[in-house]
Amino acid sequence: MELKDLRPAEGSTKNRKRVGRGPASGTGKTAGRGMNGQKSRAGGGKGAGFEGGQTPLARRLPKLPGFRNFNRVEYLPVNVSRLDAKFEAGDVVDGESLKAKGIIKHADALVKVLGDGEITKALTVRVDKVSASAKAKIEAAGGKVEEPC
């Protein structure tokens, strides 16, 4: 046996149907689509998800779950314990210094200092928001909070 003798098994391959190639082909004129109607036209037939004229499931369901407030302002939380660990006494805590210390990724991000943990160093905090407990702890340690107006 040689390579030239190899053939597919009997009945395993079929010629593709060439439609619309004249009356002798068996699929001439209407190309196997019948006479008239939606399915005989180019691009005819119903699309995926068509439910007989009933509003499709994809349109009956809500687009997104819940309620999304587009006026919401997200703040990056930073606790006073983190400030105590990363900064020295007398340092100024702002967006640039927080980015330099690796606490936040972008210097222009909105930051809120929260009061979890303890702080022992006097720091000047200049961020977007400070919680009441954090402000009390920073001022008790001898620091000061300068919030923007």
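# Chatting through a predicted model

Trainee: Hi! What lies 3.0 Å from a polar atom of the Asp84 side chain?

Mentor: The backbone nitrogen of Thr120 does. For a polar contact, two N or O atoms must be within 3.5 Å; within protein, one has to be able to donate a hydrogen and the other to accept it, and residues adjacent in sequence count only if both atoms are side-chain atoms. Before we go on: this is a predicted model, where local features need pLDDT of at least 70 and side-chain atom pairs pLDDT 80 or more, while totals for chains, interfaces and linings use all residues. Numbering starts from 1 along each chain as its sequence is written, and side-chain values use heavy atoms, leaving out hydrogens and water.

Trainee: Got it. Where is Asp84, and is it buried or exposed?

Mentor: Asp84 is in helix α2, residues 80-86, and it is buried. Buried means under 20% relative accessible area, exposed over 50%, and partly exposed in between, with a 1.4 Å probe and protein chains only. Helices (H or I, at least four residues) and strands (E, at least two) are DSSP runs numbered from the N terminus.

Trainee: Which residues are linked in a network of salt bridges?

Mentor: Arg126, Lys144 and Glu146. Glu146 comes within 2.5 Å of Arg126, taking the closest N and O atoms. Those two are 20 residues apart, with Glu146 in the segment after β6 and Arg126 in the loop between β4 and β5. The bridge from Glu146 to Lys144 has an N to O distance of 3.6 Å.

Trainee: New topic: which residues touch the most other members of the largest nonpolar core?

Mentor: Leu83, Leu98, Val113 and Val125, out of 18 residues in that core. The elements giving it two or more residues are α2, β3 (111-114) and α4 (132-140). A nonpolar core is a set of buried Ala, Val, Leu, Ile, Met, Phe, Trp, Tyr and Cys residues joined through side-chain atoms within 4.5 Å. Beyond four places in sequence, the contacts of Val125 include Val113, Ile138 and Glu146.

Trainee: What about the whole chain: what is its radius of gyration?

Mentor: It is 36 Å, whereas a compact globule of 149 residues would have one near 15 Å. The radius is taken over C-alpha atoms, and the globule rule is 2.2 Å times the number of residues to the power 0.38. The C-alpha atoms fill a box of roughly 100 × 60 × 20 Å along the principal axes, and 19% of the residues count as buried.

Trainee: Last one: how many helices and strands are there?

Mentor: The protein chain has 4 helices and 6 strands, running α-β-α-β-α-β-β-β-α-β from the N terminus.

Conventions:
Lys and Arg count as positive and Asp and Glu as negative; His and the chain ends are not counted. A salt bridge is a side-chain nitrogen of Lys or Arg within 4 Å of a carboxyl oxygen of Asp or Glu. Contact means heavy atoms within 4.5 Å.
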